[in-house]
Amino acid sequence: MESKDSHVIEHMEELRSRIIKTLIGFVAFFILSFIFVQDIYELLIKDLEGKLAVLGPSEILWVYMIIAAVCAIAATIPLAAFQVWRFVAPALKPEERKVTFRFIPGLFILFIIGISFGYFVLFPIVLGFLTSLSAGQFEMMFTAEKYFRFMINLILPFGILFEMPLVVMFLTRLGILNPTRLKKSRKISYFALVIVSILITPPDLISDILVIVPLLVLYEVSVQLSNIVYRKRLLREQAVFPVT
């Protein structure tokens, strides 16, 4: 019993160490992003007509901090994934370690693709739709805090959701998921993705479709990738333990 408790304590200490390293990395990336935050800010508003209004000095600081935080999150993803990999690596076979390690760059790439999709495709359409509602009725004025809060709330979920295929592949590789389970839960997953799409978009059909379709495609891609990984896993197991 004491040996088992000691083993659990070691795992908890290892987990705590990995979390601390990830947090330290996030803080370092945040500071680095904050140094260049004005350049990033100028890049994000270069296509915006006029200047954004601020209602106080603290609002400027909030905007800069949220921009730096999003940049730090993106930069921390590979580090966080590496720490997770190091935590589970002792339980993996040498070949599994090599394969799962290759997933780490993909997580960062898919996050950037998701953010880019939200910013370059969805955000202009949604913003254009909302501003068109006020045409001739209201005088439109954007504050920096409202503008960036709206932007982040719209595009950040896509950075996370676009990680779905690689996360599914990773969990399939570890034996936690399999394509059969994903296919059985397809209706529930579709429903959940539709709800997410409706929550992060304005109430119009075009915006909903622009979000729902990519998310459903991502789920189906995840199922197919899980199927490929699962078949390879079965082949390896059969090669190690041939059926007589």
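Being four residues apart in helix α1, Arg 18 and Glu 14 are separated by about one helical turn; helices here are DSSP runs of H or I with at least four residues, strands are runs of E with at least two, and both are numbered from the N terminus. The two side chains form a salt bridge in which the closest N and O atoms are 2.7 Å apart, a salt bridge being a side-chain nitrogen of Lys or Arg within 4 Å of a carboxyl oxygen of Asp or Glu. Arg 18 counts as buried, at 9% relative accessibility, whereas Glu 14 counts as partly exposed, at 28%. In these terms, buried means under 20% relative accessible area, exposed means over 50%, and partly exposed lies in between, with a 1.4 Å probe and protein chains only.

The structure is a predicted model, in which local features need pLDDT of at least 70 and side-chain atom pairs count only at pLDDT 80 or more, while totals for chains, interfaces and linings use all residues. Residues are numbered from 1 along each chain as its sequence is written, and side-chain values use heavy atoms, with hydrogens and water left out.

The chain has 10 helices and zero strands. Along its principal axes, the C-alpha trace spans about 80 × 40 × 30 Å. Of the 244 residues, 39% count as buried. Among contacts with a separation of 6 or more, 82% are accounted for by residues 24 or more positions apart, where contact means heavy atoms within 4.5 Å.

In the whole structure, a search finds four salt bridges, including the pair described above, Arg 18 with Glu 14. Another joins the side chains of Glu 13 and Arg 16, at 3.1 Å from N to O. Both residues of this pair lie in helix α1 (residues 2–35), three residues apart, about one turn of the helix. Glu 13 is partly exposed, with a relative accessible area of 42%, and Arg 16 also counts as partly exposed, at 47%. The closest N and O atoms of Glu 145 and Arg 149 are 2.5 Å apart. Glu 145 is buried, with a relative accessible area of 15%, while Arg 149 is partly exposed, with 37%.

Helix α6 also packs against helix α5, at an angle of about 135 degrees and with the axes 7 Å apart. Axes are lines fitted to C-alpha atoms, for helices over the stretch in contact, and angles run from 0 to 180 degrees between N-to-C directions. The angle makes α5 oblique to α6; angles under 35 degrees count as roughly parallel, over 145 as roughly antiparallel, 65 to 115 as roughly perpendicular and the rest as oblique. The crossing of α5 and α6 is right-handed, a crossing being right-handed if the near helix is turned clockwise from the far one by less than a right angle, and left-handed if anticlockwise. Residues making the contact include Leu 110, Phe 111, Gly 114 and Leu 122 of α5 and Tyr 147, Phe 150, Leu 154 and Gly 159 of α6. By class, this contact has 18 nonpolar, three polar and no charged residues. Ala, Val, Leu, Ile, Met, Phe, Trp, Tyr, Cys and Pro count as nonpolar, Asp, Glu, Lys and Arg as charged, and the others, Gly among them, as polar.

Helix α5 (residues 103–133) has a contact with helix α4 (residues 94–101) as well, the axes coming within 5 Å and crossing at roughly 20 degrees. That makes α4 roughly parallel to α5. The contact is made by Val 99, Thr 100 and Phe 101 of α4 and by Phe 103, Ile 104 and Pro 105 of α5. Five of these residues are nonpolar, one is polar and none is charged.

Two further residues illustrate pairings across the sequence. Tyr 41 is found in helix α2 (residues 37–44) and is buried, with a relative accessible area of 12%. Not counting residues up to four places away in sequence, Tyr 41 touches Leu 52, Val 63, Tyr 64, Ile 67 and Phe 148. The C-alpha atoms of Tyr 41 and Tyr 64, which are 23 residues apart along the chain, are separated by 7.6 Å. Ala 91 lies in the loop between α3 (57–88) and α4 and counts as exposed, at 70% relative accessibility. Ala 91 and Leu 174 are 83 residues apart in sequence and 9.6 Å apart in space, C-alpha to C-alpha.
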